[in-house]
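The tour below goes from one selection to the next.

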Amino acid sequence: MELTQNLWERYGFTDNPFDTKALSLNKAAPLSVQDAYVERDTSSTSSRLLMNFLRNPGGGRIVVEGEPGVGKTTFVNYHRQLWESAADHRLLSPLTEISVREDWGERDFLLSLLSSLSARLRLDMGEKAFEKNAVLRKITAITGVHVEKGHGFSGSISIIGTGGGFGRSSNSTVKVGEITNDQLRELLSALVTLIQQRGFAGVVFHLDNLELLTRKGSQNLRDFFENVRDVLQEPGAYFIFVGHEGMFQQVIAPLPRVRSIFFDTPVHLEPLSHAAVKQVMQKRYNLLSPPGMQWIAPVEYDVVFYLYEIFSGKIRYVMNAITSLISHLPDSYARPLGLDDAKAGLYEIVSGELQRTLRGMELEVFLEAVRQSRFTNSSLAVAMGKSKQQIQKYLPNWIESCFAVHAEKEGRNQFYEVDPRFLVLNESPTKEKE
Ligand SMILES: Nc1ncnc2c1ncn2[C@@H]1O[C@H](COP(=O)(O)OP(=O)(O)OP(=O)(O)O)[C@@H](O)[C@H]1O
Ligand SMILES: [Mg+2]
């Protein structure tokens with residue numbers, strides 16, 4: 001077999017047009033938010049809501065929520081990028097989003113705000129000016145973000161939370177343990193002021209994937225908000241929290257002290273429209289093909305539409321399925337894949353995966369779970385004529401293998417959902433051909 005470097009070259013692309021990473025703020029990335037973003041429906045209020053939030057002088061707090069893979073991170077990245085280059089009321093933002101961790105309290109939160117923002121400022125002002133500034137030097141010493149001479153290594157927030165001996169740099173020997181949270185808050189204020197002196201109206205912090213904190217129930221996330229409430233009121237700072245569908249109602253609303261400092265409506269993101277998904281692909285085909293060169297669409301548009309329906313519009317799953325299909329094609333195949341072949345191909349890929357990992361009754365039960373899509377222990381027990389205990393023993397394995405996730409708890413019922421990639425199994429290609 002020929003080892004081609006790039007699966008996508010035969011279609012005329014330099015990279016995977018169906019890559020599902022969130023669009024980057026970095027202009028140098030193959031798919032940046034500047035070039036590859038498609039506006040959500042103009043009739044939708046989500047963009048307007050976020051705009052109005054960021055337009056409010058003085059800072060604020062807002063929640064952006066929606067189903068997995070609908071484009072939340074990309075949406076927030078896009079808006080951050082817009083405001084960085086706005087004519088007036090410019091807002092500076094760390095380059096990457098901040099992922100909140102399960103065990104975070106106020107201190108970890110403050111440290112990560114400080115380090116991500118100062119890293120951004122370092123890029124903005126350059127190494128020399130950065131090193132001259134006393135506030136920035138101090139933050140660097142505390143957060144461990146420093147460039148080791150000769151290595152070009154730049155630490156990042158990943159250093160935080162590992163405990164131990166971080167917090168020293170050649171200029172200073174401040175230890176994190178010696179600094180109080182109040183002092184960290186003062187540093188944050190000083191940093192925001194510094195940024196304002198540089199002509200920005202404020203800063204935007206993008207806190208991503210808050211659902212990671214709710215795995216063991218919403219209480220963790222509520223505690224987090226109670227703990228960081230004071231930090232969130234930093235003048236000039238805009239906090240955007242991205243989380244699962246219903247997060248505002250479940251987590252923020254029951255906490256009067258927290259709710260009172262939040263923008264009263266969360267931004268709710270629906271899946272992109274069918275037309276927008278089509279546009280996303282078109283843009284990517286053009287961006288990833290060398291100028292003036294021809295390209296071949298890897299799939300016929302019917303395929304995209306079919307997947308769009310199966311996955312209820314969640315673009316991440318649509319694109320992952322296409323990548324998976326193309327990866328299974330023979331190398332010589334360089335024409336658009338049609339709908340029938342795509343259906344048959346996906347069916348085979350997914351059922352093959354199942355047959356390799358699950359056996360006998362476990363496989364039977366899982367297929368029933370796929371038919372139900374969202375299930376409980378007892379819904380499977382009833383359908384299969386088994387006891388709940390017999391079903392229960394399979395669940396840890398399914399979750400471990402990412403075949404299913406725990407969706408939520410409603411009263412005494414634990415709901416689970418099968419990973420959407422299996423839903424193609426409900427559309428038997430052979431049945432339709434009969
Ligand atoms: N408006 C858009 N224009 C262009 N591409 C988009 C748009 N929205 C989403 N995408 C693409 O769809 C994919 C999923 O988007 P993203 O990662 O932002 O979703 P998400 O809702 O944050 O997902 P998760 O719930 O897993 O965090 C990415 O590849 C992203 O580039
Ligand atoms: Mg995301």
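Helices here are DSSP runs of H or I with at least four residues, strands are runs of E with at least two, and both are numbered from the N terminus. The model is predicted.

**Stop one: the ligand.** Select ligand 1 and the residues around it. The shell holds 21 residues, and the closest are A22, G71, K72, T73 and T74. By type, the shell divides into 10 nonpolar, seven polar and four charged residues.

Now colour by helix. Two helices, α3 and α13 (315–327), each supply at least two residues of this shell. Which element gives the most to the shell around ligand 1? That is α3, with three residues.

**Stop two: H89.** Is H89 buried, exposed or partly exposed? A residue is buried with 20 or more other C-beta atoms within 10 Å of its own and exposed with 12 or fewer. H89 has 13 C-beta neighbours inside 10 Å, so it counts as partly exposed.

**Stop three: S373.** Check the backbone angle: phi of S373 is near 70°, a positive value in a residue that is not glycine. S373 counts as partly exposed because it has 13 C-beta neighbours inside 10 Å.

Conventions. Residues are numbered from 1 along each chain as its sequence is written. Chains are lettered from A and ligands numbered from 1 in the order in which they are written. This is a predicted model: local features need pLDDT of at least 70, side-chain atom pairs count only at pLDDT 80 or more; totals for chains, interfaces and linings use all residues. A residue is near a molecule or strand if its C-beta atom, placed from the backbone, lies within 6 Å of it. Ala, Val, Leu, Ile, Met, Phe, Trp, Tyr, Cys and Pro count as nonpolar, Asp, Glu, Lys and Arg as charged, and the others, Gly among them, as polar.
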